[in-house]
Amino acid sequence: MTTILESQYGNPAINVGVFALFVVATLGIVIFVSRRRTKATDFYTGGASFSGRQNGLAITGDYLSAAAFLGVTGAIALSGYDGLLYSVGFFVALLVALYLVAERMRNTGKFTMADVLSFRMKQKPIRTAAATSTLVISFVYLLAQMAGAGGLVALLLGVSDKNMQSLVIALVGVLMVAYVLIGGMKGTTWVQMIKAVLLLGGAAIMSFLVMTGEGFNLNSLLLSAQSAGLDPSTGTGKDLLEPMVKYGATDWTKLSFLSLSLALIAGPSGLPHVLMRFYTVPTAKEARRSAVWAIILVGAFFLLTLVLGMGAAKLVGQQTIMAAPGGANSAAPLLALVLGGEVFMGIISGVAFATILAVVAGLTITASASFAHDVYNEIIKGGKANPETEVKVARITSVVIGILAILGGIVANGQNIAFLISLAFAVAASANLPSILFTLYWRRFNTRGSVWSIYTGLVSSVLLILFSPAISGSPSAMLGEGVNFAWFPLDNPALVSVPLAFLAGIIGTLTSKESSDIELAKEMEVRSMTGAGAGAAIEH
């Protein structure tokens, strides 16, 4: 078995020390801010006690996952222009999510996405479908974060043994559950805020150091990175500034690019853990302030990823990145090592580790809240469950989710996390977004249309992913090239599954004999636009 020794990728002792410091500090904060938690609303929404600026930071923390820092930086370092498409897609998606969906959902709901979807529909079928999609999406998203944790720590400790990496993934899962059990939404929100400040600060410092070496001339950096990817004697190699090198080879890869773009732009509008963030503010005004802060901070970060990715391509080198444990996900930590040495690498990697912990905690609390509130309370107990018992169910669910996430993360270890996130986005865009948009903007939409839309999007996207080159039959597949049961030609299913979900919602609505409740639809429209009655119990 590989032992933890001094490594060409930094000093493991320093890295472990920084990790431990981050974990102890954030756990201490979680315990401190959560010591007075007494009600279910405190566990689910932090008592809706956060300001717009605080929640904007927390949204930024939730949205900037390991994929944003590690995956996108690595994608730009290795694919240049094509990798930058992830940055553009993630940012544009946030604009769509915040201005088209998030505030209206916050004004209509109480705890979860299902509160909104079931507002004027039959409760049990809608809540069952919404809870199912939330749990599946959260699990797929967790796979990416866990894979990032395994690759990151493998790099920092110089560990190439898969068993040791699996142990690290298990440790992340245990810490994730601890954050949720101890802190609830209030604790995880504070962790998200701290992590957002650290991540933005770390990215800004690294970008400043990269640009210092180029005389703060972005064009010079781009040309230097381009030269680093080409063989100086022959001029051949990977041209980082050439568009569509990765996606323009065949008609199928072009379609894969379109499908990826649709997933990146539409996916976040259906991510339950991002939408749930808006329930932690007290008013619609603060929700709008949250949106403004999140757009500014996220936009700034994705501008910096261009500098980080191109800086890694120039200063670290593509071959070094690919040879390191973690592959593409190692670009940002290795760049920190070149720029500031072992201590700086330890700090930046500690920030990345805090990023992973914070996001998985947010995902876990969203999934556990959905099961406890939508399934246990509303479906099993008919909305009459004891609040203390409901929170207890949520805690037990978080433990189960943690175990499943650990097992899934071990399987996904080594995959590019930006790519894995795009798959989660595809499921969210297919299963949730069509039903959300129809519920908010189409008065005639009814229960059958919503249920058909959710299940069609969920089942089609998951099945197409399972039988795609992302899972088997290609060199970069999760199960490798030796296993091949892929028949769907696209890496990402959004181009097929999203239109199917919209079509199913329309057909289900038009063929149903159930007439929609126009009065409830009008009430929902007023509430969603004004915030009047937001957070009130939904009973009908």
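Helix H5 (residues 81–108) packs against helix H20 (residues 518–530) at an angle of about 115°, and their axes lie 7 Å apart. Axes here are lines fitted to C-alpha atoms, for helices over the stretch in contact, and angles run from 0 to 180 degrees between N-to-C directions. On the side of H5, Glu103, Arg104, Asn107 and Thr108 make the contact, and on the side of H20, Met524, Arg527, Ser528, Met529 and Thr530; contact means heavy atoms within 4.5 Å. By type, the residues of this contact are two nonpolar, four polar and three charged. Ala, Val, Leu, Ile, Met, Phe, Trp, Tyr, Cys and Pro count as nonpolar, Asp, Glu, Lys and Arg as charged, and the others, Gly among them, as polar.

The model is predicted: local features need pLDDT of at least 70, side-chain atom pairs count only at pLDDT 80 or more, and totals for chains, interfaces and linings use all residues. Residues are numbered from 1 along each chain as its sequence is written, and side-chain values use heavy atoms, with hydrogens and water left out.

The protein chain has 20 helices and zero strands; helices (H or I, at least four residues) and strands (E, at least two) are DSSP runs, numbered from the N terminus. Of its 540 residues, 61% are buried, that is, under 20% relative accessible area with a 1.4 Å probe, protein chains only. Among contacts between residues at least 6 apart in sequence, 82% join residues at least 24 apart.

The largest nonpolar core holds 151 residues, of which Phe69, Tyr86, Phe90, Met105 and Phe301 touch the most other members. Helix H14 (residues 331–380) supplies the largest share of this core, 23 residues. Another core, of five residues, lies apart from it and includes Ala372, Ala385, Val393 and Ala394. Such a core is a set of buried Ala, Val, Leu, Ile, Met, Phe, Trp, Tyr and Cys residues joined through side-chain atoms within 4.5 Å.

| Residue | Helix | Relative accessibility |
|---|---|---|
| Ser79 | H4 (residues 66–79) | 16% |
| Ser138 | H7 (residues 123–157) | 3% |

Ser79 counts as buried because its relative accessibility is 16%. Leaving aside neighbours within four places in sequence, Ser79 is in contact with Lys238, Leu240 and Lys246. Ser79 and Lys246 are 167 residues apart in sequence, yet 7.2 Å apart in space, C-alpha to C-alpha. With the same exclusion of neighbours within four places in sequence, Ser138 is in contact with Leu363 and Ala367.

Methods:
Buried means under 20% relative accessible area, exposed over 50%, partly exposed in between (1.4 Å probe, protein chains only).
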